[in-house]
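My entries follow the display.

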Amino acid sequence: MKPEHIGIAVKELKISIPLFEQLLNTPCYKTENVASEGVKTAFFQTGDSKIELLEADNDNSPIVKFINKKGEGIHHIAFEVENIEAEMKRLAALGFELLSEHPKKGADNKLVCFLHPKTTNGVLIELTQEIK
Ligand code: ZN
């Protein structure tokens with residue numbers, strides 16, 4: 001597994017995109033709505049990995065709950081895998097709790113699956129596999 005991106009929950013992309021463009025000294029290369037997850041995303045390339053900013057796109061979004069509980073900040077860490085179905089099977093067999101039974105279509109042309117933070121020391125983990 002290699003780190004693919006770090007997801008950061010923010011209140012407003014319109015404030016955070018220019019902030020991260022200044023911080024990282026690189027332009028946001030893509031914004032994308034993922035309606036199924038209730039998020040609007042913005043991506044920045046940083047070396048071999050990326051930063052993903054996440055804003056809620058409705059009041060029931062998991063990002064609203066996260067920010068209400070913890071404030072803005074690191075939301076998840078994503079790892080790229082070769083075969084997401086095989087990794088999901090491997091991790092489920094080891095007792096990790098997967099948040100979906102099958103991979104879902106995520107942002108940035110990826111299949112994704114999240115692992116519940118209660119089985120990963122409090123860190124929400126995302127597995128990603130490039131859709132080819
Ligand atoms: Zn992500």
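Predicted model: local features only at pLDDT ≥ 70, side-chain atom pairs only at ≥ 80, totals over all residues.

Residues are numbered from 1 along each chain as its sequence is written, and side-chain values use heavy atoms, with hydrogens and water left out.

I looked up the strand order and found an open sheet of eight strands, 2-3-4-1-5-8-7-6, with mixed pairing (strands are DSSP runs of E of at least two residues, helices runs of H or I of at least four, both numbered from the N terminus; two strands pair if DSSP finds at least two bridges between them). Strand 2 (30–34) and strand 6 (104–105) stand at the edges with a single partner strand each, so one side of each has no neighbour in the sheet. Strand 3 (residues 39–46) and strand 4 (residues 49–56) run antiparallel and are joined by eight bridges; alanine 42 has leucine 53 in strand 4 as its bridge partner.

**Helix 3.** I then checked which residues of helix 3 (residues 84–93) are buried, and found Ile84, Glu87, Met88 and Leu91 (buried means under 20% relative accessible area, exposed over 50%, partly exposed in between, with a 1.4 Å probe and protein chains only). They cover an arc of only 100° around the axis, which puts them on the same side of helix 3 (the arc is that of the directions from the helix axis to the C-beta atoms). The face turned away from this buried side carries the exposed residues Lys89 and Ala93. The buried residues pack against strand 7 (110–115) and strand 8 (125–130), where contact means heavy atoms within 4.5 Å.
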